[in-house]
Every structure is written in C-alpha cells, then in structure tokens.
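Please open the structure in a viewer and keep the selection tool at hand.

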Amino acid sequence: MPSVVSNETRARTFYIETFGCQMNAHDSEKVIGTLQHQGYTRIETEEDADLILYNTCSIRDKAEQKVFNRLNDYKKLYKQGKRFGVLGCVAQQEGEKIFERAPYVSLVAGSASYRKLPEMLAQLERGEQRITGLDDRQTEETFETEFTARSNPHRGYITIIEGCDKFCAYCVVPFTRGKERSRASTSVLAEARRMADAGYTEIQLLGQNVNSYRDLEGKKTFAELLAAVGEIPGIRRVRFTTSHPRDFTQDIVHAIDSVPTLCDHVHLPVQSGSSRVLHMMQREYTRDWYLERIGWIKSAKRPISMTTDVIVGFPGETPADFEETVDLLGEVQYDGVFAFKYSPRPNTPAITMADSIPDMEKSARLQVLLDRQREIQRGNYSKHIGEKIEVMVEGHNTARGQVIGRTSQNKTLNFTTKQPILPATGNYLKVRVTNSFPNSLVGEAV
Ligand code: 5AD
Ligand code: SF4
C-alpha cells in the first residue's frame with residue numbers, strides 16, 4: 001500500500017477508545033494497525049495524544065447522548081493541534097450532525113469507510129476540518145488490511161462478512177454498517193494461514209450474520225470455509241459468531257462433527273419465543289422453524305453448547321408472548337443468554353410502533369427471564385463435574401492462586417495446578433472439573 005503520509009518528521013501519537021461488539025473491537029485492531037503503519041504511535045493517555053479516536057456503538061439505549069457526553073469531556077482536552085475523530089456506528093448514524101454539536105471534532109467515519117482511512121489521515125494532517133467517511137449502504141468493498149494490530153497473540157478475529165441486509169424491525173445495524181458484503185475465501189484463508197504461522201492457535205470468524213457468508217469467488221460455502229480454516233496446521237480452535245437462524249444450515253453441524261478443531265458452541269440469537277412477536281420483529285422465521293435448527297445442533301455427535309440473544313418488551317409483546325420465550329429457554333437448555341430490554345433506535349422500522357411496554361414491566365420481565373436462565377445454567381454447568389476437559393489458558397487470578405481457562409464450549413474453567421510454575425497464557429491443558437456455578441466451572445489440572 002503506498003504511504004500517503006506527509007514527510008513531516010514530528011512523532012504523532014493517538015489514543016483510541018472502543019465500545020460495542022466484537023466487530024467493533026476487531027475494527028479498532030485494524031484501525032490501530034493502519035495508524036501504526038502510517039507512522040503513528042499508540043499511547044494510553046488521552047491528554048498526551050495528538051489524535052483522539054472514539055469508536056462508538058449505537059445498538060441500544062441512549063447511545064448518541066452518551067457519545068456527546070463523552071465528547072464533551074474531551075472538549076476540556078482541546079488545544080491547538082490536537083485532533084478528534086468519531087468512528088463506528090454512532091458516527092455513521094449521526095453523520096455531520098456531530099460537527100454541529102462538537103465543533104472540535106474533525107473526522108467522522110463509519111465502518112464501511114475505513115478502507116479510506118489512510119487518505120482521511122492525510123487530510124487530517126493537512127489541517128482539513130470536517131472530514132467524513134460516511135457510506136449510505138453503497139459500498140461493495142470490505143476493510144482488508146495486513147496491518148491489523150491484534151491485541152491477543154494466541155486467539156484472533158477474522159472478519160469474513162461485513163454489514164447486514166436483514167433489516168430486523170428493531171435493529172440499527174443495517175443502517176450503521178452498510179450492506180452485506182463477503183470477502184473472498186482465498187483472502188480469508190490466507191489471513192488465517194498468516195495467523196497460524198505467527199503462532200495463533202484460535203481463530204474467531206466474525207460477521208454480523210457470519211453464516212450468511214457468500215464467497216466472493218463462489219468457491220466455498222460457509223460450512224466449507226469453517227472446515228478449511230479448522231484444517232490449517234497449527235489451528236486448534238475455530239469459533240464463529242454471530243449466526244442468523246435464517247441462514248443456519250445443517251452442513252454447519254456436519255462440519256463441526258467432522259472437523260475436531262471447530263469448537264462445540266453455536267451462538268444462535270432467537271430474540272423471542274413467540275412466533276407472533278418474531279413476525280412483528282421481521283425475523284422471517286417461526287418458533288418451530290428455529291427449534292428445528294436447534295434439533296440439528298442437538299443431534300450432533302458431540303454435545304454442542306448453545307447460547308442466544310433475547311429482546312424483552314418489544315412493542316406489542318403480551319405476557320403470553322413473553323411466557324413463550326421463557327418456555328423456549330427451558331426447551332432449548334441454553335448455556336448462556338444475553339437478554340436486553342427493547343430500546344427504540346433511530347431509522348428502524350420499529351421506531352414507528354409505539355414503545356408500548358413500560359420500562360418497569362420490561363425490567364420485571366428481564367428479571368424473570370434471567371432467574372429462569374440462571375437455574376437452567378446451574379443444571380447445565382453441574383453436569384460437567386467429574387469430566388476431563390481441555391482448556392486454553394486465558395489468564396491468572398493470582399489473588400486466588402487460580403488459572404483462568406476457556407473450554408471449547410466457551411465456558412470459563414478456573415483451576416488450580418500442583419505444578420510450581422503456573423501454565424502461561426495460550427497453553428492448552430486438561431483439567432478435571434470439581435465444582436460448578438451457573439457461569440463458570442472449577443477444576444484441577446490433570
Ligand atoms: N433493543 C434491544 N436490544 C437490541 N438488540 C439489537 N437491537 C436492539 C434494540 N433495539 C440486541 C439483539 C441482538 C443483540 C446484539 O442486541 O438481541 O442480537
Ligand atoms: Fe454496536 Fe451493532 Fe455497531 Fe456492533 S454493529 S458496534 S453492536 S451498533
């Protein structure tokens with residue numbers, strides 16, 4: 001890539017703050033890598049940075065307001081020469097309005113424009129104001145860069161598909177991340193091989209709807225790509241997130257069955273257990289249709305852990321609809337549920353529906369759901385007691401003398417070891433499970 005940096009020799013520093021999902025976390029890794037390639041140095045103190053970047057999320061709540069409040073904090077740091085940039089979903093959503101409310105911001109860019117980052121940096125350095133990288137669902141291109149500054153040396157993300165074309169009634173993502181666009185499988189596999197060569201053992205394939213992947217070259221289905229990544233020498237674990245039920249095909253389960261490195265965990269957001277609400281949400285599936293996919297997962301040769309996302313209090317959700325969601329949790333027996341109170345989002349179809357469920361009622365439903373799920377998890381997690389499970393070491397809890405491990409099913413397993421030296425991060429070892437909680441396992445290294 002030709003460098004578009006001016007010949008200025010002054011050392012330039014940047015500070016970045018990131019919010020939101022794994023896609024955003026990984027975008028920041030790519031942004032950081034790109035900046036470093038352009039000669040910038042990352043620092044951890046915003047006061048001292050020449051450039052302050054804020055990578056934002058707008059999925060729920062009053063995200064825009066939070067961003068403006070934070071930008072207001074930054075204002076105090078404003079001094080001659082210091083530049084501010086807003087990236088991510090709030091940037092795309094609010095666009096040039098950000099310049100009006102925070103005039104000291106010089107750059108506003110959504111994720112579908114990051115491939116233009118080197119040019120935008122050059123504009124910043126020329127002292128230009130009001131630089132925008134906004135994309136109105138036009139882009140066909142993806143942000144591919146070899147300059148990704150991955151934050152973990154053992155497991156890393158690879159984006160295989162960007163954007164979203166599903167337009168669920170509540171969701172802002174199709175408006176903030178542009179239209180759905182997949183990468184070529186050869187490019188994904190080359191990146192995975194480079195990571196394996198660099199010592200990575202775990203790869204997580206990312207996409208807003210990861211399994212909606214359509215190979216740009218028409219060579220591989222999503223399941224075939226999964227299997228191919230899993231077969232790369234040196235790769236021990238492959239994860240993928242997030243799957244959409246509409247595009248969840250049985251060959252994904254077959255791939256997990258036949259390639260041992262594919263982790264035995266599927267995150268399959270259901271959003272509601274009521275077909276009536278699913279219809280209003282424009283999810284384009286019914287409860288039974290979803291449960292059929294769960295049936296495929298349950299019939300796999302090795303037990304596959306399942307997790308989901310749920311929204312409570314969608315406009316028009318009755319107590320009976322909500323009961324169907326609680327009932328579904330018991331039927332599926334998830335190992336984890338991310339549950340959210342519905343929040344109206346700008347531009348979305350649901351914004352025109354009355355937000356009919358009072359916040360107190362949403363909170364009450366959320367609590368009922370979480371209590372039920374906690375009991376389910378207590379049962380599920382306790383079934384592991386006595387098993388010998390392989391973990392990847394993620395860290396250490398020195399205060400407790402414990403090592404923090406993660407299982408292939410994506411469960412946390414905290415364990416002790418009789419060895420005088422604790423196993424280092426990134427190591428794999430077998431642990432016998434001795435105790436369990438609703439969210440974690442406890443064990444002893446074998
Ligand atoms: N309100 C509440 N939750 C939402 N999610 C997405 N949009 C909204 C919204 N407007 C949840 C969904 C999705 C997860 C990432 O966030 O459950 O799967
Ligand atoms: Fe938030 Fe969605 Fe954007 Fe991720 S894609 S940062 S969850 S709004």
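**The whole chain**

Display the entire chain first, bearing in mind that this is a predicted model. Its secondary structure comprises 13 helices and 18 strands. Along the principal axes, the C-alpha trace spans about 60 × 60 × 50 Å. For 446 residues, a compact globule would have a radius of gyration near 22 Å, and the chain, with 23 Å, agrees with this.

Next, colour the chain by pLDDT. The average is 94, and 98% of the residues score at least 70. Then select residues 1-9, where the pLDDT is below 50. In the model this stretch has 12 contacts beyond near neighbours in sequence. Where pLDDT is low, the predicted coordinates should not be read in detail.

**Helices α7 and α8**

Select residues 185-197, which form helix α7, together with residues 222-230, which form helix α8. Their axes lie 10 Å apart, and the helices pack at an angle of about 25 degrees. The two helices are therefore roughly parallel to each other, an angle under 35 degrees being counted as such. The crossing of α7 past α8 is right-handed. To see the contact, show S185, V188, L189 and A192 in α7, which meet L225, A228 and V229 in α8. The residues of this contact comprise six nonpolar, one polar and no charged.

**Helices α11 and α12**

Move on to helix α11, residues 287-298, and show it with helix α12, which covers residues 319-332. The axes of α11 and α12 come within 11 Å and cross at roughly 15 degrees. That angle makes α11 roughly parallel to α12. Here too a handedness can be assigned: α11 passes α12 in a right-handed crossing. Which residues of α11 meet α12? They are R287, L291, I294 and K298, and their partners in α12 are E324, D327, L328, E331 and V332.

**Helices α12 and α13**

Consequently, α12 and α13 are roughly parallel to each other, and their crossing is right-handed. On the α12 side, select P319, F322, T325, V326, L329 and G330; on the α13 side, select R365, V368, L369, R372, Q373 and I376, which they meet. The residues of this contact divide into seven nonpolar, three polar and two charged.

**Stops in the loops**

Select R130, in the loop between α5 (117-125) and β6. This residue has a positive phi of about 55 degrees although it is not a glycine.

Proceed to R137, placed in the loop between β6 (131-133) and β7 (155-162). Leaving aside neighbours within four places in sequence, R137 is in contact with C164, D165, F167, P174, G178 and K179. How far is the C-alpha atom of R137 from that of A320? The two atoms are separated by 38 Å, and the residues are 183 apart along the chain.

Finally, select T241 and T242, which are joined by a cis peptide bond with an omega of about 5 degrees. T242 lies in the loop between β10 (237-241) and α9 (250-258).

Terms used. Residues are numbered from 1 along each chain as its sequence is written. Chains are lettered from A and ligands numbered from 1 in the order in which they are written. This is a predicted model: local features need pLDDT of at least 70, side-chain atom pairs count only at pLDDT 80 or more; totals for chains, interfaces and linings use all residues. Side-chain values use heavy atoms; hydrogens and water are left out. pLDDT is the predictor's confidence in each residue, from 0 to 100. Contact means heavy atoms within 4.5 Å. Axes are lines fitted to C-alpha atoms, for helices over the stretch in contact, and angles run from 0 to 180 degrees between N-to-C directions. Helices (H or I, at least four residues) and strands (E, at least two) are DSSP runs, numbered from the N terminus. Angles under 35 degrees count as roughly parallel, over 145 as roughly antiparallel, 65 to 115 as roughly perpendicular and the rest as oblique. A crossing is left-handed if the near helix is turned anticlockwise from the far one by less than a right angle, and right-handed if clockwise. Ala, Val, Leu, Ile, Met, Phe, Trp, Tyr, Cys and Pro count as nonpolar, Asp, Glu, Lys and Arg as charged, and the others, Gly among them, as polar. The radius of gyration is taken over C-alpha atoms; the globule rule is 2.2 Å times the number of residues to the power 0.38.
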